Amino acid sequence: MSRTAGYVLALVVHLLAPAFLVTGVYLIAGLTVGGVLFGLVALDLAWLLRPRPAPFPAPAVPLTRSDAPHLYALIDGIGEALAAPRTDLVAISGEVNASFRTYGRRRDRLVEIGYPLWLILTPEERVSLLAHEMAHARNGDARHGLVVGSALHSLHELRLVTHFGWRPGDGGADLITRCLLALLGLPVRALILLLELLLNHSSQQAEYRADEMQAQVAGVPATASLLDVLSTRAPSVGDFLGSSAVAVGTWDLWTALRSHLDAIPPAELDRRREAAQVEKTRVDTTHPPTHLRIRRVLALPYPTPQVAAPAMEGIEAELERAAGRVARSLREDAQSARYR
């Protein structure tokens, strides 16, 4: 019922654009000062809320099949084992995560690999990571669908526009404008929250289904190990990349990241595992607590993988150029953050 209600609410969001369009035209046609002003606002809202597909993630580096034949061969093998649709494009980003999504008007299927996370995984864990994202391609998670996905994208775009971004020195007129935009953004944030709540249960179940399919392809040991990394080592990756050292460092970023993680004592990793259970740590609000996912995975009857981890030398060579571009982008972002 909540999933159905989520689809209904998403359809209502899509109806807002034509409603604002008609309202704007009607107000402007009255040729009054107030009518023209409010009509232009309505037309602007109609434009922002127009149904449109999600774009390619701008900071990420696209890798075509000719760029990375070994990586695509691995992804295609995992997709065949899962009976998942064929991946159209792979993107390498600086996220400490990985994801599956559709983008563009043709709704091409995209697997985004966060290189900082990829770097710290074993070959078996990398297969498990890709299997999880490919499982989402088969799952049909509502968040990635045409109706709900585009509605969420439109609402998030409108939320960015109505964000209160005023700072001292911007002036009084800008303060008034920002306050009005922030007030306008309150119902937008309420719609996003309501839609997220309605989709919460189906999203959690989608993650559990993806975990099971992932374990079936990559094996329970690799899947449980990957989930453990998300609770224990991945947080240190985020802390390292967010530190000021990234902005001023002259060393190789990825070598420095590996050294940083190798220095974490085993006792600290054990402490984080215990804390993750107490604090119910999760990847984000759309995911169940990670320790519950590990518990369910360990109970699955898939001790051996269907897709064996290949030698990674060829894949690493294919990712080298993209990894360099991602490192430069992370450094530039860190340097910009120092002067904000």
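This is a predicted model: local features need pLDDT of at least 70, side-chain atom pairs count only at pLDDT 80 or more; totals for chains, interfaces and linings use all residues.
With a relative accessibility of 1%, Leu155 counts as buried, because buried means under 20% relative accessible area. Who are its partners? Setting aside neighbours within four places in sequence, Leu155 is in contact with Val13, Leu49, Val188, Leu191, Ile192 and Leu195. Ser236, by contrast, lies 81 residues from Leu155 along the chain, and the C-alpha atoms of Leu155 and Ser236 are separated by 32 Å.

Together with Ile176, Leu180 and Leu186, Leu183 makes a nonpolar surface patch of about 430 Å².

Two further helices show how buried residues can be arranged around an axis. In helix H11 (residues 253–262), the buried residues include Leu253, Trp254, Ala256, Leu257 and Leu261. These residues cover an arc of only 160 degrees around the axis, so they are on the same side of H11. In helix H13 (residues 290–298), Thr290, His291, Arg293, Ile294 and Val297 are buried. Viewed down the axis of H13, its buried residues fall within an arc of 155 degrees, which means that they line one face of the helix.

Conventions: Residues are numbered from 1 along each chain as its sequence is written. Side-chain values use heavy atoms; hydrogens and water are left out. Buried means under 20% relative accessible area, exposed over 50%, partly exposed in between (1.4 Å probe, protein chains only). Helices (H or I, at least four residues) and strands (E, at least two) are DSSP runs, numbered from the N terminus. The arc is that of the directions from the helix axis to the C-beta atoms. Contact means heavy atoms within 4.5 Å. Patches are made of residues with over 30% relative accessible area and no salt bridge: like charges are joined within 9 Å, nonpolar side chains (Val, Leu, Ile, Met, Phe, Trp, Tyr) within 5 Å. Accessible areas come from the Shrake-Rupley method with a 1.4 Å probe; for residues, only the protein chains shown count as cover. A salt bridge is a side-chain nitrogen of Lys or Arg within 4 Å of a carboxyl oxygen of Asp or Glu.
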